[in-house]
Amino acid sequence: MAESCWPVSIVFQKYYCGHNHGNYYENRPSPVSLLGLSPSLNSSLHAALNTSLLAGPPELTSVGSQGPEPLARDTAVLSLLIMLGTLWLSYTLYQFKKSPYLHPYMREILSDCALPISVLTFSLISSYGFQEIKMGKFHYNPSKSLFEMAEMHSLSLVAVSGAMGLGFLLSMLFFIEQNLVAALANAPENRLVKGTAYHWDLLLIAIINTGLSLFGLPWIHAAYPHSPLHVRALALVEERVENGHIYETIVSVKETRLTSLGASILVGFSLLLLPFPLQWIPKPVLYGLFLYIALTSIDGNQLFARMVLLLKDQTSYPPTHYIRRVPQRKIHYFTGLQVLQLLLLCAFGMSTLPYMKMIFPLIMIAMIPIRYNLLPQIIEAKYLDAMDAEH
């Protein structure tokens, strides 16, 4: 979630807190003209300002434009409103399945289609309702082909060696994430029937990414929380009551690979939408999309649930399995230690230094001996096992 808010903070630094403190559009009278100075001096000062103080960052300048666009505070404010609006509408529609309105089948459709509805709605609002305000959008250069072979022959031996070292660290991260996401998707509480194929999935991703690397295209990977949310979307969920607490449980899952294949095919066909209408989607809409994915992944997350226990009275604790087996003090100890580990991972994964991010896989691997060697010295192993288990 912090990764999604980070670009918006950069937008505010550039547009709201920078040297530009007003609306500098071409239809506004300049201070030079208000002072009655000559038109030639007015135009020269305009040109100097447009090329120096008011020069915009490359990412907000459209391809083929004649020069940098003037920037103003309204760009930052609108970016924030579009991001929060996308988050609000998508999460409201996501929760609509719990409302008493409409038919249950319609509620389920609105909940499943919450993301595309919110993206299309606020893309139209931003692109047509606020045309005079410049927003960051997709980059697309029609003069360049998307399927050009990478010029690997131009790399030196030192560059190849350095890329091999960085690639090894990145392959470790892929291996860890692939296994973690596969374990979460195939967890016992999801009640999957078909067998797992961890090694075949990893091999398939390696083959696909090898082909993508030849063309310099982005890699694919089993990203969290997309994969568990995909399983949840295919599941039949029921609400049950235990000791006055309502909780959801998965009854069955429609296990199929057709949905993943169809989504990948649609992503490929999205290339046909370039440059329009894909360039009509502003970047703040994507920031809201990422916030929605982060917020929906919190549902059912045990770490978040245990953090909420810090603010609750003990008599209102839900009757979960670890509440019945683990002392309250041990639960809070474990939550605090996990939060410290999470902050450590965020410090490396979200660092502005590129080499700090490269150490991120090593930090994740270091969490394994910390869990099995260090934490049992603080909290008894039987309590750790009870909190690690889902039931």
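The following dialogue sets values against definitions.

Tutor: Please keep in mind that this is a predicted model.

Student: Why is Thr86 called buried?

Tutor: Its relative accessibility is 0%. Buried means under 20%, so Thr86 counts as buried. Thr86 belongs to helix H4, residues 73–94.

Student: What does the side chain of Thr86 reach?

Tutor: The side chain reaches the backbone oxygen of Ile82 at 2.8 Å.

Student: Which residues have the most contacts inside the largest nonpolar core?

Tutor: They are Val285 and Tyr292, in a core of 21 residues. H4, helix H6 (114–129) and helix H11 (283–297) each supply at least two residues of this core. H4 gives the most, with 7 residues. Another core lies apart from it and has 12 residues, among them Ile331, Ile379, Tyr383 and Met387.

Student: What does Tyr292 touch?

Tutor: Not counting residues up to four places away in sequence, Tyr292 touches Leu87, Ser90, Tyr91, Tyr94, Ala114 and Leu115.

Student: How do you know that the buried residues of H12 are on the same side?

Tutor: Helix H12 covers residues 302–309, and Gln302, Leu303, Arg306 and Leu309 are buried there. These residues cover an arc of only 110° around the axis, which puts them on the same side of H12. What covers them includes helix H13 (321–325), helix H14 (328–349) and helix H17 (381–388).

Student: How many disulfides are counted here?

Tutor: The count comes to 0. A disulfide is a covalent bond between the sulfur atoms of two cysteines. The rule asks for a pair of cysteine sulfur atoms within 2.5 Å.

Student: Why is Cys113 called partly exposed?

Tutor: Cys113 has a relative accessible area of 31%. The class lies between buried, under 20%, and exposed, over 50%, so Cys113 is partly exposed. Cys346, at 32%, counts as partly exposed too.

Student: What makes the phi of Leu102 worth noting?

Tutor: The phi of Leu102 is near 60°, a positive value in a residue other than glycine. Most residues other than glycine have a negative phi. Leu102 is in the loop between H4 and helix H5 (104–112). Its relative accessible area is 52%, and exposed means over 50%, so Leu102 is exposed.

Student: Where is Arg191, and why is it called partly exposed?

Tutor: Arg191 is in the loop between helix H7 (157–185) and helix H8 (198–214). Arg191 has a relative accessibility of 44%, a value between the two cut-offs of 20% and 50%, so it counts as partly exposed. Although Arg191 is not a glycine, it has a positive phi of about 55°.

Student: Where does UniProt place the feature "transmembrane region"?

Tutor: The unreviewed UniProt entry places this feature at several spans, including residues 196–220 and 290–311. In the model, residues 196–220 are 68% helix and 0% strand, with end C-alpha atoms 20 Å apart. Residues 290–311 are 73% helix and 0% strand, and their end C-alpha atoms lie 27 Å apart.

Conventions: Residues numbered from 1 in each chain as written. Predicted model: local features only at pLDDT ≥ 70, side-chain atom pairs only at ≥ 80, totals over all residues. Heavy atoms only, no water. UniProt positions renumbered as here; feature names shortened; annotations may be inferred. Helix = DSSP H or I, 4+ residues; strand = E, 2+ residues; numbered from the N terminus. Buried < 20%, exposed > 50% of the residue type's maximum accessible area, 1.4 Å probe, protein only. Arc of directions from axis to C-beta. Contact = heavy atoms within 4.5 Å. Polar contact = N/O pair within 3.5 Å; in protein donor to acceptor, adjacent residues only side chain to side chain. Core = buried A, V, L, I, M, F, W, Y, C linked by side-chain atoms within 4.5 Å.
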